[in-house]
Amino acid sequence: MRRLFWGSPSPPKLQESSESHANVLKAYQSLGAGDFTGFLKILKSPSSQRLQSRCTAFLNTMEAYHDLPVQKQSDLVQDFYQSFAEYFNSFPEAQVTQIMEHVEKLIMTRLHKWVFCHDSCDDEQKDLALQRRIRSLNWITPQMLSVPFPDKKIEVTGDPFLPAITAIIEMDAKRAPQDKLACVSKCSQHVFEALSTSNSEPANADDFLSGLVYVVLKANPPRLHSNMQYVIRFGLPHSLMAGESGYYFTNLSCAVAFIEKLDGPALNLSQEEFEGYMLRQRAPSAGKRQRVVSDTQHLLEELQGRQEKLDQGMDSLSVQLQSWVHAVNSQLDEATAQFALVQTEVTAKTESSQVLSSSSHDALLQGDDKDESVLKLMDQHAGPQDTDC
């Protein structure tokens, strides 16, 4: 197996000069938290060529042997994480964690299509079973789960848990385990926010778990089991064993386990009532139905108000547009009239100039004829002496 993944009988040892090694470490030390683009730039630099080759070789081998059992693939990925982290053993733990998160994102973004919901396991069948189970429990109300909901005196727009529902649904679209964990953390934070609007006191662990169960039931996230197993198998160990992400993921696991084993006593119902709800022979009480109808009516009224405002805005915009078009047409008509008037004046002046020029020319011609007649008359009366003079 070592020859398969490292190309040598023993795990590789980075035989680099101390100066080159120090330059590489210095570059990674300057890397900011969450700067995945900066990490890729450093990894592609000549000084990190050996680390880059190591990642590339591992990815190519994993893709070539993607038919290995998923648990074996998980072990190989975890071994790679551990081996890669040893290169930075001189760094503080926080910096090593940041670097390994970038490594995880790089590796698992490429391997997601090969290892997620693998054929060697029954994740797909469990996904379908969990979805059917959640769908059969869609009659459960927040009151049955003892989830604090806002009082009628508090104005809320819609379900306060809607942002949490959206966040947990987004988890399936992510490829890196840390991005899926980020969706779980975001969902959990929205649950706490929703509980804070429902209760003046801070939410406790029981309220949070009940709220998370309600969110999962309402969201029915796609491929929830596969996504959780993917995070467990290929995520960094510290992400699941420490910090907020680990706490939130543990609660999500507890919520799923609670849903899978949910029965009447857990909802303060008798077994007969629980089975009646499951078989659709019973429905929530009139008061609870009235609450749902009231919430729905409130949403419809809000949407109707928004639609009316939108229609008013469109009408106002249409009136303004028509007024603008009318003003533009008026200005065009006025400009056209002024242009025609100016053109008429120019034409009149041109014609007048031509008439004056013609009259002057005729007068000049008549003046020349008179001069010639006078000269002839003078010649007739002049004597020879005058001529000689």
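## A buried aspartate and its partner

D123 is buried, because its relative accessibility is 2% (buried means under 20% relative accessible area, exposed over 50%, partly exposed in between, with a 1.4 Å probe and protein chains only). This is a predicted model, in which local features need pLDDT of at least 70, side-chain atom pairs count only at pLDDT 80 or more, and totals for chains, interfaces and linings use all residues. Residues are numbered from 1 along each chain as its sequence is written, and side-chain values use heavy atoms, with hydrogens and water left out.

The side chain of D123 forms a salt bridge with R233, at 2.8 Å from N to O (a side-chain nitrogen of Lys or Arg within 4 Å of a carboxyl oxygen of Asp or Glu). D123 sits in helix α7 (residues 123-136) and R233 in helix α11 (residues 224-234), so the bridge ties together parts 110 residues apart in sequence. Helices are DSSP runs of H or I, at least four residues, numbered from the N terminus. R233 is also buried, at 12%.

## Other salt bridges

The count comes to five salt bridges. One of them joins D172 and R223 at 3.0 Å, N to O. D172 lies in the loop between α8 (162-170) and α9, R223 in the loop between α10 (205-219) and α11; the pair therefore ties together parts 51 residues apart in sequence. D172 is buried at 17%. R223 is partly exposed at 35%.

D179 and K105 also meet in a salt bridge, at 4.0 Å from N to O. D179 is in helix α9 (residues 177-198) and K105 in helix α6 (residues 93-115), 74 residues apart. D179 is partly exposed, with 22% relative accessible area. K105 is partly exposed too, with 25%.

Methods
Helix = DSSP H or I, 4+ residues; strand = E, 2+ residues; numbered from the N terminus.
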